Amino acid sequence: MKKSPIIKTNYLIIETAMVVYQVLEDTRLHANVTLPDNHPLKQRELTMPEWCDNFGSATIRDQSWQIAPKIEECWRGMTEDERDGAITWDWEFVPEFLLYCVDFDPNDEDLSFVSDDTEELIKKWREGRATCVAFKSELPPSTHERDVFFQECREEAEKQWKYADLISDHPDLVQRAFEAKEKPAEFVKALGEDLELIDFGPWK
């Protein structure tokens, strides 16, 4: 019986791809806790689950494999102090690298980096991390479930009233609606009517 050919594989890249896939399948950072609503990187964070929802698991697997080599290359380019305990590779570095350095275009299944240069990507990662460390918010961190609710409300506000920022303009009301487990479409309709917005219906 003829032996199968030996395939040489970089197992570090395989492991990186697995972590990327796990983060994107979870579409969240840090144990279901995500950035506060007024964080400067909040919109980038929200595009991750939107991209995942648009293209599904097969594309997530493919793109995890495609971007893994560059992520591994950037990790090797970090300083020894950074890699030796200052940050955890799978729990912090990879999820944060996706947030700071990867563009998730909801209309394009192919992911791209904010730069093709490894050193520039490392710089972007450091800048993003510094931004998060320095940022102080009076708002509590949000949850993945809450983020989904807010995003669905934004979509409804755009569809019903052509005014997606209705949601960001009234965060306290949206928060109460989320806690009361209201349906996004019904909540947005009632909110727009209370504010006497122009009806761009029809609403069903």
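Predicted model: local features only at pLDDT ≥ 70, side-chain atom pairs only at ≥ 80, totals over all residues.

Trainee: Okay. How many salt bridges are there?

Mentor: The count comes to 12 salt bridges. Take Glu-73 and Lys-70, whose side chains meet at 3.9 Å, N to O.

Trainee: Is Lys-70 buried or exposed?

Mentor: Buried. Lys-70 has a relative accessible area of 18%, and the cut-off is under 20%. Glu-73 is partly exposed, at 33%.

Trainee: What about Glu-156 and Lys-159?

Mentor: They form a salt bridge too, at 3.3 Å, N to O. Both belong to helix α6 (residues 144–161), three residues apart. Glu-156 counts as buried at 14% relative accessibility, whereas Lys-159 counts as exposed at 53%.

Trainee: And how far apart are the closest N and O atoms of Lys-189 and Glu-193?

Mentor: 2.6 Å, in a salt bridge. Lys-189 is partly exposed at 23%. Glu-193 is partly exposed as well, at 44%.

Trainee: Which residues are linked in a network of salt bridges?

Mentor: Lys-42, Glu-45 and Asp-147.

Trainee: Switching to rings. How many aromatic pairs does a search of the whole structure find?

Mentor: Eight. One of them is Phe-97 with Phe-113, an edge-to-face pair at 6.2 Å centre to centre, with 70° between the planes. That pair links distant parts of the chain. Phe-97 is in helix α4 (residues 89–101) and Phe-113 in strand β3 (residues 112–113), 16 residues apart.

Trainee: Are Phe-97 and Phe-113 buried or exposed?

Mentor: Phe-97 is buried, at 0% relative accessible area. Phe-113 is buried too, at 19%.

Trainee: Which residues do ring pairs link into a cluster?

Mentor: Trp-75, Phe-93, Phe-97, Phe-113 and Trp-125.

Trainee: Last topic: what lies over the face of Phe-150?

Mentor: Arg-146, at 4.1 Å from the ring centre. Phe-150 itself counts as buried, at 10% relative accessibility.

Technical notes:
Residues numbered from 1 in each chain as written. Heavy atoms only, no water. Salt bridge = Lys/Arg side-chain N within 4 Å of Asp/Glu carboxyl O. Buried < 20%, exposed > 50% of the residue type's maximum accessible area, 1.4 Å probe, protein only. Helix = DSSP H or I, 4+ residues; strand = E, 2+ residues; numbered from the N terminus. Phe/Tyr/Trp six-rings, centres within 6.5 Å; stacked < 30°, edge-to-face > 60°. Lys NZ or Arg CZ within 6 Å of the ring centre and 35° of its normal.
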